Amino acid sequence: METSLDNEDTVRLNKRVAEERGCSRREAELYIEGGFVSIDGVVVEEVGARVTPEQKVTIADDATLLEITPVTILLHKPAGAPQPLHLLNADTLTRTVPGKRFLKRHVTGQEQMVPLDAKASGLVVFTQDFRVNRKLSEESVEHEIIVEVSGQIIEGGLQQLNQINGKVSWQNETRLRFAMKNAKLGLIEKLCKEVGLKVVSMKRIRVGRISMSSLPVGEWRYLQDYERF
């Protein structure tokens with residue numbers, strides 16, 4: 001929402017909401033950041049937006065002063081995307097959780113957990129929730145990663161791969177399935193190289209109990225309340 005900053009009659013949106021609602025500036029900010037305030041029919045989430053006396057400011061009937069609940073986001077990262085956080089916006093949201101509206105605040109302050117190598121694809125997790133952060137920081141969470149390889153594996157190579165904290169098996173002649181914990185960046189490529197294999201591509205399809213399922217490449221969704229890693 002753009003307004004003329006040169007107009008001496010403009011005021012900050014939070015001031016206008018506070019005056020019309022009869023509330024404090026902080027309460028006005030909560031209404032705005034919660035996506036409950038619109039200017040001339042367009043939702044505006046920036047508390048410092050400028051508004052003129054002629055413009056109509058509307059506060060939704062279901063407006064609440066409850067603090068915005070931290071969210072966790074599941075993204076299908078494309079291969080070669082070094083900064084997947086940039087993909088989090090309303091246009092790449094696959095589906096919302098019933099009763100939850102998309103807010104810009106949902107994609108700020110997000111911390112990327114269990115990151116993937118830049119050239120890898122698959123499930124990436126972002127969270128604002130300290131409980132999810134704590135859970136995924138533990139080394140007990142298993143990751144399932146499909147690895148396309150080339151080359152000839154050395155004798156006993158599969159057994160050597162299985163010495164990691166997890167399980168490795170062939171899916172077909174060129175594809176390995178890693179189910180492993182503590183999957184640090186670069187580890188799989190290193191392990192494969194040690195047994196004569198070159199990694200062609202990697203795709204993580206599961207983190208803990210959460211699978212990527214049918215989430216399209218480059219799109220994301222909210223972790224629902226009943227889902228647990």
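Modeller: Ring pairs join Phe-102, Trp-220 and Tyr-222 into a cluster. Two notes on reading come first. The model is predicted, so local features need pLDDT of at least 70 and side-chain atom pairs count only at pLDDT 80 or more, while totals for chains, interfaces and linings use all residues. Numbering runs from 1 along each chain as its sequence is written, and side-chain values use heavy atoms, with hydrogens and water left out.

Now the rings. Rings of Phe, Tyr and Trp (its six-membered ring) pair if their centres lie within 6.5 Å; planes under 30 degrees apart are stacked, over 60 edge-to-face, and the rest tilted. By this rule there are two aromatic pairs. Phe-102 and Trp-220 have ring centres 6.0 Å apart and planes at 55 degrees, so this pair is tilted. Phe-102 lies in the loop between strand E7 (93-95) and strand E8 (111-113), and Trp-220 in strand E15 (residues 220-222), so the pair ties together parts 118 residues apart in sequence. Helices (H or I, at least four residues) and strands (E, at least two) are DSSP runs, numbered from the N terminus.

The second pair is Trp-220 with Tyr-222. Their geometry is edge-to-face, with 5.0 Å between centres and 85 degrees between planes. Burial comes next: buried means under 20% relative accessible area, exposed over 50%, partly exposed in between (1.4 Å probe, protein chains only). Trp-220 and Tyr-222 are both buried, with Trp-220 at 0%. Phe-102 is partly exposed at 23%.

Ser-213 sits in the loop between strand E14 (210-211) and E15. Its phi is positive, near 55 degrees, though Ser-213 is not a glycine. Most residues other than glycine have a negative phi. At 63% relative accessibility, Ser-213 is exposed.

UniProt, in an unreviewed entry, places "domain: RNA-binding S4" at residues 11-74. UniProt positions follow the numbering used here, feature names are shortened, and annotations may be inferred rather than shown by experiment. That span is 28% helix and 23% strand, with its end C-alpha atoms 38 Å apart.

An open sheet of three strands runs in the order E3-E2-E5, with antiparallel pairing. Two strands pair if DSSP finds at least two bridges between them. Three bridges join strand E2 (residues 37-39) to E5. Ser-38 has Thr-58 in E5 as its bridge partner.

Helix H1 (residues 13-21) packs on this sheet and touches E2 and E5. Contact means heavy atoms within 4.5 Å. The direction of H1 makes about 65 degrees with that of E5. Axes are lines fitted to C-alpha atoms, for helices over the stretch in contact, and angles run from 0 to 180 degrees between N-to-C directions.

In helix H2 (residues 25-33), the buried residues include Ala-28, Leu-30 and Ile-32. The buried residues of H2 pack against H1 and E2. Tyr-31 in H2 is also buried. The charged end of Arg-21 sits over the Tyr-31 ring, 4.9 Å from its centre (the rule: NZ of Lys or CZ of Arg within 6 Å of the ring centre and within 35 degrees of the ring normal).

Just after H2, Gly-35 has a positive phi of about 80 degrees. In the loop between E2 and E3 comes Asp-40. Asp-40 is not a glycine, yet its phi is positive, about 50 degrees. Asp-40 is partly exposed, at 44%.
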